[in-house]
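The sequence and structure are shown first.

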Amino acid sequence: MERLRKLWRGRTMTFGVPLLLYLVGGSFGLREFAQIRYDVHKLHGKVDPALKEKLKQNTVTLESEYEKLKGADLDNWENIRGPRLWEDSRTVQQQRREAARLKRE
């Protein structure tokens, strides 16, 4: 009996067994939560048939996109900086327009 009490109060029973229980129990718990997530995704993942037909009609091919880009002038372009987070976009656009107007004159 003394040996059992000594084993019960030892470091293995105090720290090791609860740690293993948390690890194994957490693994099973996470598996259950992940399964719920995938089950809900299966239920809500179904697409409306009308939307499915609309998506089938809007087919975009690589050739059609190439034809669009073939007519564009890709050699003559200007790098335009967008407004920074702390700048107001309207003032930046006004400054850009003013600079372009002065450049033309």
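A residue is called buried under 20% relative accessible area, exposed over 50% and partly exposed in between, with a 1.4 Å probe and protein chains only. By that rule, 1% of the 105 residues of the protein count as buried. The structure is a predicted model, in which local features need pLDDT of at least 70 and side-chain atom pairs count only at pLDDT 80 or more, while totals for chains, interfaces and linings use all residues. Residues are numbered from 1 along each chain as its sequence is written, and side-chain values use heavy atoms, with hydrogens and water left out.

**Overall form**

The protein has 5 helices and 0 strands, in the order α-α-α-α-α along the sequence. Helices (H or I, at least four residues) and strands (E, at least two) are DSSP runs, numbered from the N terminus. The radius of gyration of the protein is 33 Å, whereas a compact globule of 105 residues would have a value near 13 Å. That radius is taken over C-alpha atoms, and the globule rule is 2.2 Å times the number of residues to the power 0.38. The C-alpha trace spans about 100 × 45 × 25 Å along its principal axes.

**Surface**

Accessible areas come from the Shrake-Rupley method with a 1.4 Å probe; for residues, only the protein chains shown count as cover. Leu19, Leu20, Leu23, Val24 and Phe28 make a nonpolar surface patch of about 520 Å². Leucine 19 is placed in helix H2 (residues 11-44). Patches consist of residues with over 30% relative accessible area and no salt bridge; like charges are joined within 9 Å, and nonpolar side chains (Val, Leu, Ile, Met, Phe, Trp, Tyr) within 5 Å.

The loop between H4 and H5 holds glutamate 78 and asparagine 79. Glutamate 78 is exposed at 60% relative accessibility, and asparagine 79 is exposed with a relative accessible area of 65%.

**Charges and salt bridges**

The protein has 22 positive and 15 negative charges, whose mean positions are 14 Å apart. Lys and Arg count as positive and Asp and Glu as negative, without His and the chain ends. A charge is placed at NZ of Lys, CZ of Arg, CG of Asp or CD of Glu.

Side chains of opposite charge can pair when their charged atoms come close. A salt bridge is a side-chain nitrogen of Lys or Arg within 4 Å of a carboxyl oxygen of Asp or Glu, and the count comes to 5. The table includes some of them.

| Salt bridge | N to O distance |
|---|---|
| Arginine 31 and glutamate 32 | 3.0 Å |
| Lysine 68 and glutamate 65 | 3.3 Å |
| Glutamate 98 and arginine 101 | 2.4 Å |

Glutamate 32 is partly exposed, at 42% relative accessible area. Lysine 68 and glutamate 65 are separated by about one helical turn because they are 3 residues apart in helix H4 (residues 62-70). Lysine 68 is exposed at 59%, whereas glutamate 65 is partly exposed at 34%. Glutamate 98 and arginine 101 are 3 residues apart in helix H5 (residues 89-104), so about one helical turn separates them. Glutamate 98 is partly exposed at 35%, and arginine 101 is partly exposed at 36%.
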